[in-house]
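User: Hi! I'm new to this structure, could you walk me through it?
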Amino acid sequence: MTARAAAIDRAPAWTSRMPAGADTRAARLRTRRRVVVCALLTVFATIAGQLVRLALKSGPEIKVNIVEPLARSWSRPDIVDRHGRLLATDVGMYSFYADPAMIPDVDETIEKLSAALPGLDTAELRKALRDRTRRFAWVSRGVTPRVAQKVHALGLPGIGYRVELKRVYPLGPLTGHLLGTVNTDNKGIAGVERLLDEEGRVESVQGPERSASSALRLSLDVGVQHALADELKQACLRYSAAAAAGLALDVDTGEIVGAVSLPEADPSLPAEWLDPARADKLTGGTFELGSIFKALTVAMALEAGTADLDKLYDVRQPLVSGTYVTKDLHPQGRPLTVREIFLHSSNVGAGMLALEAGVHSQRAFLERLGLMRQTRLETGPVAAPQLPKHWGRIETITVAYGHGLAVAPVQFAAALATLVNGGLEVTPTLLARAAKRETAARLISADTSARMREIMRLNVTNVQGTGRHAEAEGYRVGGKTGTAEMPGRGGYREKAVISSFAGAFPMDAPRYAILVSLFEPQTGEAGGDRITAGLNAAPTTARVVERIAPLLGILPRRADIAGP
Amino acid sequence: MPAIRACHASTHDGSDRERPMLHRINWVLMLATLASAFALYVIKYDTRRLEARVQAQERALEKAESDIALLAAERAHLARPERLEPLARLNGLAPITSRQYLRIDAGRAASSATAGAAAPAPESR
């Protein structure tokens with residue numbers, strides 16, 4: 001720079017040969033000099049400015065991604081219950097891998113590893129480590145910090161670890177059926193976990209980066225869920241039942257606050273989760289639910305206008321249709337009103353109601369309540385209803401008392417909620433909804449719904465009602481019992497039944513619908529071999545309601561509490 | 001020759017005033033360059049130190065976050081109702097029964113929220 005400036009200084013040597021215009025020349029030179037100086041200053045200023053700019057601006061982040069498809073995993077948002085209690089979360093766990101080319105002594109390595117890692121598949125690992133062409137093989141994934149420390153302390157050459165996210169379910173199997181499960185790469189394969197994947201709420205990550213996404217809030221209430229599970233487990237012991245299922249659902253919003261299917265499935269053990277014997281009975285199976293369907297039949301008759309609650313039906317003779325005879329279990333020997341048909345759970349009466357309304361009314365009614373089509377829950381499709389192949393006179397009668405048509409219990413519970421909530425459509429959901437839906441479609445009239453509430457409550461308060469053992473003091477339970485014989489080889493098995501109670505509480509203004517089903521109970525409340533639902537499912541419901549009503553914020557009504 | 005002299009004379013006219021100024025500017029610029037080079041050096045090392053601190057803190061943050069996640073999971077595991085219920089029952093607690101509700105003030109309807117708060121210990125968090 002200085003050299004150039006000097007050159008400019010010397011420049012006048014030739015310009016001054018023409019003295020005539022010397023002054024103007026000198027002036028021009030000065031101008032040029034200033035221009036050059038200005039240019040240089042500009043250059044310096046630019047450099048200085050650039051320095052300042054670079055200093056202020058943080059440079060583009062340079063990320064080096066080591067492409068290692070094996071190490072890729074998925075980071076998932078937490079799942080919480082309606083009160084924010086944690087149901088599923090990701091924690092960083094240690095995963096050990098081996099570089100077979102770097103392992104000096106395979107046998108010694110495996111021996112030491114299997115001492116620190118119980119349950120290690122040594123045969124498989126030996127095969128992987130003997131293959132010297134490989135540079136990567138998993139040893140064990142999702143190891144707890146304590147075990148990881150032990151392995152690390154072995155100081156084995158060629159064994160490395162990385163921290164990976166692993167899905168954990170702190171509550172164990174409590175909400176297992178609904179949560180679903182994930183695979184080793186933390187990808188959801190069933191239940192709500194799969195929903196997270198489908199909705200694109202999981203992120204692919206290389207390391208233990210936790211999801212930034214907000215937690216998914218379910219409609220479940222852990223307290224209710226536990227009370228339900230606990231009472232059902234006790235019921236299974238008390239009545240020697242093989243399995244049980246229970247569901248509590250908000251009749252206005254369709255939010256499922258508790259859903260239990262026994263035997264439970266632990267979501268952290270995918271093998272257990274995928275075991276068909278542990279499949280979710282509420283959504284994964286369809287059952288002929290028996291007499292609880294009579295609630296639908298009565299509602300259908302009321303809705304069709306072919307009957308009212310006081311209309312008399314002569315139920316003394318069995319209903320004969322071809323070779324098929326429908327009888328009552330406990331015939332009353334006199335004509336019964338519709339109210340009494342419901343109370344005594346008369347098969348003949350239900351059949352007559354359905355025949356009177358006609359097969360078309362019956363089908364249309366079930367169709368309207370959504371019991372004829374497959375529905376979906378957030379966990380995936382609900383098992384499709386099993387409809388009769390031919391819907392004739394016999395089927396009209398059997399469907400009227402809950403046979404010949406098998407539905408998933410969750411689907412029935414939604415229909416039940418519609419019966420008592422004033423007749424509005426209910427779509428069961430596992431996600432917490434902010435408020436009651438304003439645009440629910442009307443499926444049945446408010447009047448029919450009021451009458452259904454009346455007879456369902458009567459079934460519990462009346463001494464002759466089959467549901468009288470379902471009374472939970474102060475909580476105004478109402479509902480219908482049902483003891484359905486399970487289909488077996490060559491017909492129905494008399495001693496293998498599903499005994500259910502389908503109801504709602506508090507019945508004067510229902511808030512929650514409840515469905516309790518016991519599979520193959522061997523005894524009832526009074527002992528002996530009486531296995532009707534009134535003696536096992538109904539008292540179980542009472543116990544469940546007594547425990548969950550306080551949790552759901554339902555106040556007992558003093559007038560309904562007997563004694564002081 | 002006179003032309004050269006004249007030239008000298010003419011150059012002296014203009015540059016006598018300008019040369020020292022240019023020199024001064026050169027010096028100033030050179031010093032500024034040196035100073036900025038030094039400042040840059042200092043800033044660079046400062047930045048590296050800060051970066052190391054940021055990284056350490058980010059690591060600490062990540063560690064804390066994963067610890068919190070682990071502790072939250074552990075707390076949820078310890079507070080699972082399945083475990084709390086037997087403990088609560090051992091302490092003589094039981095689910096509330098409908099007879100245990102008392103209306104303190106007949107004029108003030110107890111809200112559903114109070115009923116929720118009065119939930120028995122086994123189900124509360």
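Analyst: Happy to; below we go through the model topic by topic. This is a predicted model, where local features need pLDDT of at least 70, side-chain atom pairs count only at pLDDT 80 or more, and totals for chains, interfaces and linings use all residues. Residues are numbered from 1 along each chain as its sequence is written, while chains are lettered from A and ligands numbered from 1 in the order in which they are written.

User: What is the mean pLDDT of chain A?
Analyst: The mean for chain A is 85, and 92% of its residues reach 70 or more. (pLDDT is the predictor's confidence in each residue, from 0 to 100.) Over residues 65-69 of chain A the pLDDT is below 50, and beyond near neighbours in sequence this stretch has zero contacts in the model. Two residues are in contact if their C-beta atoms, placed from the backbone, lie within 7 Å.

User: What is the strand order in the open sheet?
Analyst: Five strands of chain A line up as β11-β10-β20-β19-β18, with antiparallel pairing. Strands (E, at least two residues) and helices (H or I, at least four) are DSSP runs numbered from the N terminus, and two strands pair if DSSP finds at least two bridges between them.

User: And which strands stand at the edges?
Analyst: β11 (256-262) and β18 (478-488) of chain A do; each has a single partner strand, so one side of each is left without a neighbour in the sheet.

User: How many bridges join β10 to β20 in chain A?
Analyst: Eight, between residues 243-250 and residues 512-519. Within that pair, A:A244 stands opposite A:L518.

User: Which helix packs on the sheet?
Analyst: Helix α9 (residues 222-238) of chain A, which touches β10, β11 and β20 of chain A; its direction makes about 30 degrees with that of β11(A). Angles run from 0 to 180 degrees between N-to-C directions, and axes are lines fitted to C-alpha atoms, for helices over the stretch in contact.

User: New topic: A:F505. Buried or exposed?
Analyst: A:F505 counts as buried, because 33 C-beta neighbours lie inside 10 Å. The cut-offs are 20 or more other C-beta atoms within 10 Å for buried, 12 or fewer for exposed, and partly exposed in between, with C-beta atoms placed from the backbone. A:F505 lies in strand β19 (residues 491-505) of chain A.

User: What is A:F505 in contact with?
Analyst: Leaving aside neighbours within four places in sequence, the contacts of A:F505 include A:Y475, A:V477, A:Y512 and A:V545.
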